[in-house]
Amino acid sequence: MARRALTVTFFFALLLSQRAARAQMPPPLVPPQAIDAGSVPYPHDATAEAVVVVELVIDASGNVQSTHIIEGAEPFATATRNAAIAWKFRPAKRGDEFVSARVRMRIAFHPPSTSTSTSTSTSTSTSTSTSTSTSTSTSTSTSTSPPEEVRVLGRREEAGEISMGTSEVRQIPGAFGDPFRVIDSFPGVTPIATGVPFFFVRGAPPGDTGYFIDGIRMPLLFHVGVGPSVIQPGLIDHVDFFPANAPVQFGRFTGGIVSATTTEPATKPHGEGNLRLFDAGGFVESPFADGKATAMIGGRYSYTGLLLPIFAPDTHLDYWDYQARVTYDVSARDRVSVLALGSHDYLAQDEVQDDGSGTGTSTKKTKELLDTDFHRIDLRWDRTTSSHAHLRLAATLGYEDSGDHSGSTRDSMLAMRTEYENRLSSSVLVRLGADAEIDHYTIVDNDPSGLREPSTPPGEDPTAVYVPRNETTAGLRADVVYRILPRVEVVPGLRADVFTSRRSVYPNPRSGVFETFATIPVDHATAVPALDPRISMRIFATQSLTYFSSLGLTHQEPSFIATFPGINPGGLDQGLQSAIQTSQGFEARLPLDLTARVTGFYSKYFDLTDATATCVGADFTNTDTATLPCVKNRVDGRAFGVELLVRRPFTKRWSGWLSYTLSRATREAAPLLGPANHFQEVPSEYDRTHVLSLATAYDLGKRWRAGARFYYYSGRPYTQPYRGFLFPPYDASRLPDFWRVDVRLEKSWRVGKTGQIAFVLEGLNVTLHKETIDAQCIPPRASSVPVAPPPGAERDRCSLEEIGPVTVPSLGLEGSF
């Protein structure tokens with residue numbers, strides 16, 4: 001049956017490819033055309049001839065957004081850069097829509113004389129030529145020729161990828177202008193609970209999803225609870241989401257990938273800020289050193305510590321983050337940059353405790369529930385080796401810390417990566433890379449009594465869940481984007497990684513810090529290799545219909561269900577998590593600027609270590625352990641379903657977004673009193689059959705814009721016990737469904753030529769719906785040993801546990817210049 005399905009799929013793909021080769025070409029890209037461009041004053045302190053090649057980013061309005069010197073010496077490069085920022089173009093056009101584009105222009109300088117000229121040939125496909133004369137008897141002639149290179153902004157779209165720009169994200173109700181808050185609206189994404197920033201992606205647990213900013217691995221993207229993202233929204237150019245089979249650039253995760261790309265360095269001073277009920281943030285950026293360098297600084301600070309006690313006097317909540325970036329163009333081809341970012345979150349609760357004096361006197365103490373920090377410093381060098389090749393070398397230092405009142409875990413990290421890509425021809429793009437990461441995990445014990453037992457030596461317990469250790473991971477990758485036919489693109493890729501871990505016995509916990517490595521002879525080292533082949537394909541069947549598919553194998557070290565800075569379990573002795581994932585789908589361009597995408601997917605997971613790996617059975621052969629749950633360290637599972645995405649850009653006057661996922665996620669479970677090593681397939685604890693997100697926004701005129709979002713998902717499954725024990729059928733009952741409505745209203749005013757200020761009223765779950773998150777089941781008659789329920793026996797009655805309503809009202813001001 002499987003062979004027949006594979007044959008049908010292959011035949012269908014071949015049929016589409018043959019049709020695509022004969023299909024009509026998609027709407028051509030009309031390159032930008034110069035309106036007032038090409039005039040560059042000859043530097044007053046120069047005497048020689050020179051040639052400068054400049055790369056311009058021209059936005060959809062025809063303005064020059066940024067400049068980058070590809071080739072040319074000083075002072076001619078600076079003269080070109082300063083002049084180009086004021087040039088005006090007729091913007092590029094794809095079909096009926098104006099788009100941003102990147103073009104290159106070649107400027108030839110000649111020394112001034114009674115008749116001197118500076119000739120400029122643009123790389124745009126115009127057919128006009130002009131000449132002008134100035135009062136200083138110098139002239140500038142602008143000639144045009146077919147474009148050498150015109151590229152639509154943004155890196156190429158991969159098969160199955162969903163990408164959104166910041167300008168779109170800021171209009172989605174309930175996202176609070178945050179580019180990462182829209183993740184829960186993507187198809188294939190299942191939330192743990194409303195507003196909680198941890199998601200299952202096509203059945204993979206949250207700990208198996210990777211987060212990246214400019215290629216830098218991030219431990220998390222959000223502040224505690226329903227807080228904002230850990231980076232200023234204005235610094236993000238776009239967010240790419242890969243539900244499965246991301247390019248081999250992103251490795252070591254078996255789930256989805258969320259990758260954000262920061263904006264290009266500024267060519268003129270600019271910034272933005274926001275002031276809300278619970279926090280304030282912003283950033284400023286400016287060029288200096290005659291435009292060769294830029295500097296940016298930004299951050300966010302919450303004043304919840306001042307406001308929250310009014311409503312919850314026993315709760316303490318605080319968070320802040322920061323970002324800074326400096327870039328410098330060493331030459332026309334080389335740029336060095338430093339990016340630093342970090343965040344802090346703190347959550348505590350006041351508790352009344354007996355002071356231990358025996359007099360019944362109680363004291364009020366603050367108990368830390370969560371205290372996390374992470375920091376990153378990334379140093380990179382970018383070199384444009386030719387018009388079609390780019391090289392990047394980067395090194396990242398990192399520090400992470402998560403804890404509570406009892407102690408904390410820490411990770412000191414050093415990572416290095418190199419990336420190289422070269423377009424060998426119009427149909428072949430080669431991408432190569434290598435990366436390595438060293439992590440040093442430690443534990444800090446805040447228990448002053450020293451009563452905790454020392455860790456079991458690794459030689460005796462090589463499967464300890466979390467111990468101080470050193471981990472090193474290194475990998476190589478390569479893929480090729482190959483147009484085998486004019487309308488058929490295939491991307492084969494391979495990634496090879498080696499995961500290593502070394503750990504030693506703890507010292508006495510009375511010393512407080514457990515971090516003795518390579519100094520204790522009793523240690524334990526593990527190395528596990530992994531090969532991840534992946535392949536994707538896109539067939540542009542017609543100008544409005546594209547077929548895409550992907551197939552891949554991924555590996556990942558053990559993980560917890562949710563990720564926090566500095567927390568990562570050990571356990572390489574039992575091997576890696578792995579997944580085989582495949583998907584196929586169609587994307588169609590519809591009337592009214594609508595696009596629709598339908599995707600079918602199947603994922604098979606092996607040796608998962610998430611919370612749903614807990615068995616529901618138990619071993620009662622030993623009465624001393626009869627009450628302990630049976631825990632299978634690793635578990636297999638699968639997920640399959642269909643996703644639908646219909647969207648109209650949020651930059652339009654009327655915009656819309658419809659995302660729907662129909663899916664099933666399962667795990668293995670050991671039946672109670674069943675045969676040994678016999679597991680049943682049951683629904684995953686966070687299997688949600690239906691997930692729907694429907695959003696719309698409308699420009700009301702006079703700079704007013706309003707929008708709303710309806711969000712719905714099915715309740716998760718649970719098992720009703722019998723006399724306090726869990727028997728099949730497992731996860732046969734479900735909690736009630738949940739839905740909410742989010743709204744956004746914005747009024748903006750123009751300030752000066754480029755500035756803007758806006759009043760924003762926004763709310764998450766304005767309908768104040770409560771969500772059922774669990775079921776508490778109490779047996780009418782408890783039993784010390786399990787007895788199988790007879791047919792038709794009534795299960796224990798369960799009461800539903802609700803939270804909320806989880807709602808976030810936001811009233812604030814936003815501004816930019």
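Modeller: A polar contact of 2.7 Å joins the side chains of Ser559 and Asp208, and I start there, with the caution that this is a predicted model. The side chain of Ser559 also makes a polar contact with the side chain of Gln577, at 3.2 Å. Ser559 itself sits in the loop between β33 (545-556) and β34 (577-590), and with a relative accessible area of 5% it counts as buried, because the limit for that class is under 20%.

From this serine I turn to a sheet. It is an open sheet of five strands, in the order β13-β18-β19-β16-β17, and its pairing is mixed. At its edges lie β13 (162-165) and β17 (216-218), each of which pairs on one side only, and neighbouring strands of the sheet are turned against each other by 20° on average, direction ignored. Strand β16, which covers residues 210-213, pairs with β17 in the antiparallel sense over three bridges, and Tyr211 stands opposite Met218 in β17.

In one of them the side chains of Arg217 and Glu400 meet, with 3.9 Å from N to O. Arg217 lies in strand β17 and Glu400 in strand β26 (residues 389-404), so this pair ties together parts that are 183 residues apart in sequence.

Another salt bridge joins the side chains of Arg431 and Asp479, at 2.8 Å from N to O. Here Arg431 belongs to strand β28 (residues 428-445) and Asp479 to strand β29 (residues 469-485), so the parts tied together are 48 residues apart in sequence. Arg431 counts as buried at 12% relative accessibility, and Asp479 counts as buried at 5%. A further pair, Arg744 and Glu746, meets through its side chains in a salt bridge of 2.7 Å, N to O, and Arg744 is buried, as is Glu746. Salt bridges can also be joined into a network, and one such network links Asp214, Asp378, Arg380, Arg417 and Glu419. As a general point, side chains of opposite charge can pair when their charged atoms come close.

The elements that give two or more residues to the patch are β43 (738-751), β44 (755-764) and β47 (808-816), and β44 gives the most, with three residues. Leu761 is found in strand β44, and its relative accessible area of 40% places this leucine in the partly exposed class.

Key. Residues numbered from 1 in each chain as written. Predicted model: local features only at pLDDT ≥ 70, side-chain atom pairs only at ≥ 80, totals over all residues. Heavy atoms only, no water. Pairing = 2+ DSSP bridges. Helix = DSSP H or I, 4+ residues; strand = E, 2+ residues; numbered from the N terminus. Axes fitted to C-alpha atoms, helices over the stretch in contact; angles between N-to-C directions. Salt bridge = Lys/Arg side-chain N within 4 Å of Asp/Glu carboxyl O. Buried < 20%, exposed > 50% of the residue type's maximum accessible area, 1.4 Å probe, protein only. Polar contact = N/O pair within 3.5 Å; in protein donor to acceptor, adjacent residues only side chain to side chain.
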